[in-house]
Every structure is written in structure tokens, then in C-alpha cells.
Amino acid sequence: MPHVRTAAAALRAYRFAWAGPLRDPLSSLSYCRLDDAAYALRVPMGQRNAADAVAQAESLPARASTGHSRRQGGHARTAIR
């Protein structure tokens, strides 16, 4: 499982790359950038298609926080002032 920040950065890049083909549907460069961003998202997420990688990347912060609280014995950490 990739780090939450790595997944979030790849997801942001993928969503940003989608703007290219929407702005200029005839530009082959925008499709190449979208393909590169999709690959950069799919690989760390371990998925074969971008839709599954997006779904997994979006659910990663929730799963990471659940795992963190489980490692802490199920209790939320409180700051001591």
C-alpha cells in the first residue's frame, strides 16, 4: 500500500490531466499526459485500470486512519498540553 501523500499526489495529477482533453479534445499531447498520469496512479495502487486506482486512492486515507487507530489499541491519541 503506498503512502497516503504519494497516492494523493498521483490522484491530483490524474484529475488535473483530465482537464487537457476536456479543454482541447483534438490535442494528442493532452491524451499522452492523461495516459502518463493514469499510469503513475495505477502502478503504486496496484491496479490495472484507472477507475479502480482512483477508487482505491480515494479510500486510502480512510483505511490508513483506521489502521492507525487499530495500532494505537483502538483509542484515539490525545495531545497533552
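These exercises work through a predicted model of one protein chain.

Residues are numbered from 1 along each chain as its sequence is written. Local features need pLDDT of at least 70, side-chain atom pairs count only at pLDDT 80 or more, totals for chains, interfaces and linings use all residues, and side-chain values use heavy atoms, without hydrogens and water.

**Exercise 1. Work out the fold pattern of the protein chain.**

Step 1. Count the elements: three helices and zero strands. Helices are DSSP runs of H or I with at least four residues; strands are runs of E with at least two, and numbering starts at the N terminus.
Step 2. Read along the sequence: the pattern is α-α-α.

**Exercise 2. Describe the setting of R42.**

Step 1. Locate R42: helix α2, residues 28–45.
Step 2. Classify R42: buried, meaning under 20% relative accessible area with a 1.4 Å probe, protein chains only.
Step 3. Look for a salt bridge, a side-chain nitrogen of Lys or Arg within 4 Å of a carboxyl oxygen of Asp or Glu. R42 has none; D35, the nearest side chain of opposite charge, is 4.7 Å away. Arg counts as positive, Asp as negative.
Step 4. List the neighbours. Leaving out residues up to four places away in sequence, R42 touches Q47, R48, N49, A50 and A53.

Methods:
Buried means under 20% relative accessible area, exposed over 50%, partly exposed in between (1.4 Å probe, protein chains only). Contact means heavy atoms within 4.5 Å.
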